[in-house]
Amino acid sequence: MQLHWHRDDLRCSDNVSLSAAATSAPDRGVVVPVFVFDDDVLAHASPNRVAFMLDALDSLRADYRERGSDLLVRSGDPREVLVDLATDLDAERVVWNRAHSGLGRERDADVRGALADADLEGDDFEDAICHEPGSITTNDGDPYQVYTYFWKKWRDRQKDAPYDAPDERSLWNPDDAPVDPGGLPTQRDLGFEDATADLPEAGTDAARDRLLSFLDADVYEYADRRDYPAADCTSHLSADLKWGTIGIREVDEEVRVARDLADDEPARESVSEFRSQLAWREFYTHVLHYNPRVVSSNYKTYEHEIAWRDDPDELAAWKRGETGYPIVDAGMRQLLEEGYVHNRVRMIVASFLTKDLQIDWREGYAHYREHLVDHDTANDNGGWQWAASTGTDAQPYFRIFNPMTQGEDYDPDAEYIREYVPELRDADPDEIHSWNELSLSERNRAAPDYPAPIVDHGDRREAALAMYKSARGE
């Protein structure tokens with residue numbers, strides 16, 4: 001008998017370690033699926049992510065039951081839980097898909113050591129990305145620090161086909177070896193309040209529906225429309241990839257099929273543009289793997305410390321979506337309402353926090369981690385450090401988004417802004433996009449309940465440039 005330890009791979013299909021265990025079932029015994037609620041991991045969780053995870057676990061359990069098996073649910077230290085469970089079931093092997101964060105790799109090593117001490121075999125596999133760290137490097141064998149070169153190799157590298165889901169014969173049958181499967185806890189059981197956002201449905205079926213709906217039409221216009229939040233021309237797969245309710249190989253295969261079905265070269269290029277976003281996800285995973293310190297430290301070293309400002313009031317206004325910069329406030333309110341933010345808007349609000357407010361990117365990262373249902377350590381850290389000009393292949397420090405221009409360029413009719421900022425719903429787009437230039441009387445007439453800008457972008461831009469130049473020793 002074997003145990004498969006689920007973590008952020010909450011699916012049966014295209015699951016590398018589950019498939020490996022199922023394939024070896026004739027020789028090693030049937031596979032018992034297990035999920036362990038680990039307090040050390042839950043300490044870094046949030047209500048929105050826990051809610052999505054519980055929904056995904058409920059879907060995963062239903063999937064196993066349809067296959068004549070079940071998902072065992074336990075709570076505690078996995079070093080103890082997995083050893084005790086393997087001993088009780090007379091299992092000789094535990095398999096799982098490996099982590100890449102420093103904390104995750106430390107947990108993997110601790111579990112592997114505990115299994116070895118108990119004379120049990122522990123095997124981990126690469127699952128969350130197509131190419132494991134160390135497989136795509138420079139000619140000198142070093143990890144890439146520039147995405148463009150990484151993308152060219154990633155794009156052309158052969159990908160594994162999606163892995164088959166296990167059949168009933170390879171899975172543990174509760175009738176043959178009765179074990180209490182354990183019930184799924186509630187949010188409150190785990191010590192969390194209810195989700196604060198309206199979350200999408202979780203599970204493999206829901207993820208596939210989102211993928212296929214996107215590939216049916218929007219992907220062919222992705223290159224032209226993806227930066228316009230009102231167009232909503234994105235896949236909405238970020239939470240599914242974070243929690244592993246769909247496999248990356250399955251996604252990439254379906255995307256390549258869509259590319260082959262494209263009618264013309266612009267459509268094919270559009271599909272490739274979306275595929276490059278999958279590579280960005282993998283690039284940041286490689287960065288995190290080799291540089292686990294980036295979770296709390298700048299990737300890029302400046303001669304001096306960056307003199308971030310400490311302004312609780314401005315930070316609080318940013319978190320509430322009350323900065324007086326419409327596109328920024330729309331993004332922050334979308335975060336609170338949906339646990340999600342459009343990617344272009346994520347860049348805008350991150351630039352505003354780090355460049356206009358000159359507040360440490362770690363404050364923004366922590367706030368996003370609290371609310372995003374799709375929070376992924378590698379992706380979010382990479383994105384925040386890119387915006388703050390402290391990361392690998394980051395935006396140059398002197399390239400500072402003008403939030404008013406960004407709003408006008410990417411939400412010209414203010415559709416997105418007015419959806420999330422109700423105070424502006426009766427305002428004209430021209431008034432919204434010139435909000436920082438309106439007089440007090442003009443603002444009161446257009447949207448009396450919406451605040452004036454809390455800072456002057458022009459002044460703060462100059463201050464940000466001075467801040468970075470000082471850190472550079474200039």
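**Exercise 1. Identify the residues that line the largest cavity, and describe that lining by element and class.**

Solution. Tyr284, Val287, Leu288, Val294, Tyr299, Ala378, Asn381, Gly382, Gln385, Trp386, Gly391 and Thr392 form the lining of the largest cavity. The model is predicted: local features need pLDDT of at least 70, side-chain atom pairs count only at pLDDT 80 or more, and totals for chains, interfaces and linings use all residues. Residues are numbered from 1 along each chain as its sequence is written, and side-chain values use heavy atoms, with hydrogens and water left out.

Step 1, terms. On a 1 Å grid over the protein atoms alone, a cavity is a set of points where a 1.4 Å probe fits but cannot get out; a pocket is an open set with protein on both sides within 12 Å along at least five of seven lines; lining residues have an atom within 4 Å of a point.

Step 2, elements. Helix 12 and helix 17 (377–387) are the elements that give two or more residues to the lining of the largest cavity. Helix 17 provides the largest share, 5 residues. Helices (H or I, at least four residues) are DSSP runs, numbered from the N terminus.

Step 3, class. The lining of the largest cavity holds 7 nonpolar, 5 polar and no charged residues. Here Ala, Val, Leu, Ile, Met, Phe, Trp, Tyr, Cys and Pro count as nonpolar, Asp, Glu, Lys and Arg as charged, and the others, Gly among them, as polar.

Step 4, volume. The largest cavity has a volume of about 90 Å³, a volume being the space filled by probe spheres set on the points, which are joined across faces, edges and corners.

**Exercise 2. Describe the second largest pocket.**

Solution. Step 1. About 1000 Å³ of space lies in the second largest pocket. Of its 36 lining residues, Gln277, Trp280, Asn343, Arg346 and Asn379 are the closest to its centre.

Step 1. Helix 10 (238–243), helix 12, helix 15 (343–356) and helix 17 each supply at least two lining residues; helix 12 gives the most, with 8 residues.

Step 2. By class, the lining of the second largest pocket has 16 nonpolar, 10 polar and 10 charged residues.

**Exercise 3. Characterise the packing of helix 7 (residues 147–156) against helix 12 (residues 265–290).**

Solution. Step 1. The two axes come within 9 Å and cross at roughly 110 degrees. Axes are lines fitted to C-alpha atoms, for helices over the stretch in contact, and angles run from 0 to 180 degrees between N-to-C directions.

Step 1. Helix 7 and helix 12 are therefore roughly perpendicular to each other (angles of 65 to 115 degrees).

Step 2. Tyr147, Phe150, Trp151, Trp154 and Arg155 in helix 7 meet residues of helix 12, including Arg275, Trp280, Glu282 and His286; contact means heavy atoms within 4.5 Å.

Note on methods. Parallel < 35°, antiparallel > 145°, perpendicular 65-115°, else oblique.
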